[in-house]
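This report covers pockets and helix packing in one protein model. The sequence and structure come next.

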Amino acid sequence: MTRAADPVLAVAVRAARRAAAVIADASRDLRRLPTFSKEQGDIVSAADEEAEQAIVATISAAFPDHSILGEESGARAGTNVDSPYRWIIDPIDGTMNFVHGFPYYAVSIALAHEGELTHAVVLDPTRDELFTAIRGRGAQLNDAPLRTSACTRLADALVGTVMPTRKSPRLPRFLPILNGLATRCTLRRAGACALDMAYVATGRLDGFFVTSLRAWDVAAGALLVSEAGGRVGDFAGGPDILKSQEVIAAAPGVFNALREAIGAADSR
């Protein structure tokens, strides 16, 4: 079976495209309203929900027995409560960016089988960039193969991160790490986990870390990075990131150095 003919990936891409259509309509409506108006908030909330519904409907029609974990609707079982398959979806990763018209957000969809990620799609609707991965078969951007960067020195690395919200209990832990890394590498904070990790897979970023997340923030991005030749783990280097609230994703040449620098700065 060719990659293009993979039925699971085809469903995931179709679901992402349908969600992107919802997001595009909402984006046009947002531009017609004053910033921070109540109507603006209503549009964003509705777009999040409708985009997730579009994803869920597409997946459920093709794989009714699969369970789905979504940011908006939480966990839902399929027709087979014992199914080993679970979809992990985020209809708008980077919602705050979307609200402000900052063009850095994405649709994120991943499938796990017995806890192991097997398929991933991250769609950037503003640039029409489609990042995909299948376990054991590599990662692609618009059908072109991806590889992480060849960077081997943390001092040369461009490292992305997403800050916890100002009310997050994890913010006090994050700030010392941010300050510690500021003298060790060049940092970028664009505000969307899925896209940051996709950028690690493309080599646009050499590394990425985050201290406050949920499974839907990183599931698709993690498979993209690993299938592009990078490394993904928690701050101790462990692999079970879907149950952790911390993750590092990086090119292999800087993963250990980034993990060690985070460890040295982490005040816990």
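Which element supplies the largest share of the lining of the second largest pocket? That share, three residues, comes from α6. The model is predicted, so to speak of local features requires pLDDT of at least 70 and side-chain atom pairs count only at pLDDT 80 or more, while totals for chains, interfaces and linings use all residues. Residues are numbered from 1 along each chain as its sequence is written, and side-chain values use heavy atoms, with hydrogens and water left out.

**Pockets**

A pocket is an open set of points on a 1 Å grid over the protein atoms alone, where a 1.4 Å probe fits, with protein on both sides within 12 Å along at least five of seven lines; lining residues have an atom within 4 Å of a point. Volume is the space filled by probe spheres set on the points, which are joined across faces, edges and corners. Ala, Val, Leu, Ile, Met, Phe, Trp, Tyr, Cys and Pro count as nonpolar, Asp, Glu, Lys and Arg as charged, and the others, Gly among them, as polar.

| Pocket | Volume | Lining by class |
|---|---|---|
| Largest pocket | about 880 Å³ | twelve nonpolar, seven polar, seven charged residues |
| Second largest pocket | about 360 Å³ | ten nonpolar, two polar, six charged residues |

The largest pocket is lined by 26 residues, and Met96, Val162, Met163, Thr165 and Gly191 lie nearest its centre. At least two lining residues each come from β3 (85–93), α3 (95–100) and α6 (215–227), with α3 giving the largest share, four residues. Helices (H or I, at least four residues) and strands (E, at least two) are DSSP runs, numbered from the N terminus.

Around the second largest pocket there are 18 lining residues, of which Gly115, Glu116, Leu117, Pro239 and Leu242 lie nearest the centre. Here β3, β5 (116–124) and α6 each supply at least two residues.

**Helix packing**

The axes of α5 (193–202) and α6 come within 8 Å and cross at roughly 5°; axes are lines fitted to C-alpha atoms, for helices over the stretch in contact, and angles run from 0 to 180 degrees between N-to-C directions. The two helices are therefore roughly parallel (under 35 degrees). Their contact (heavy atoms within 4.5 Å) involves residues including Cys193 and Met197 of α5 and Asp217 and Leu224 of α6. By class, this contact has ten nonpolar, one polar and one charged residues.

The axes of α4 (171–182) and α7 (255–265) also come within 8 Å, crossing at roughly 125°. Pro176, Ile177, Gly180 and Leu181 of α4 meet Leu258, Ala261, Ile262 and Ala265 of α7, a set with seven nonpolar, one polar and no charged residues.

Notes. Parallel < 35°, antiparallel > 145°, perpendicular 65-115°, else oblique.
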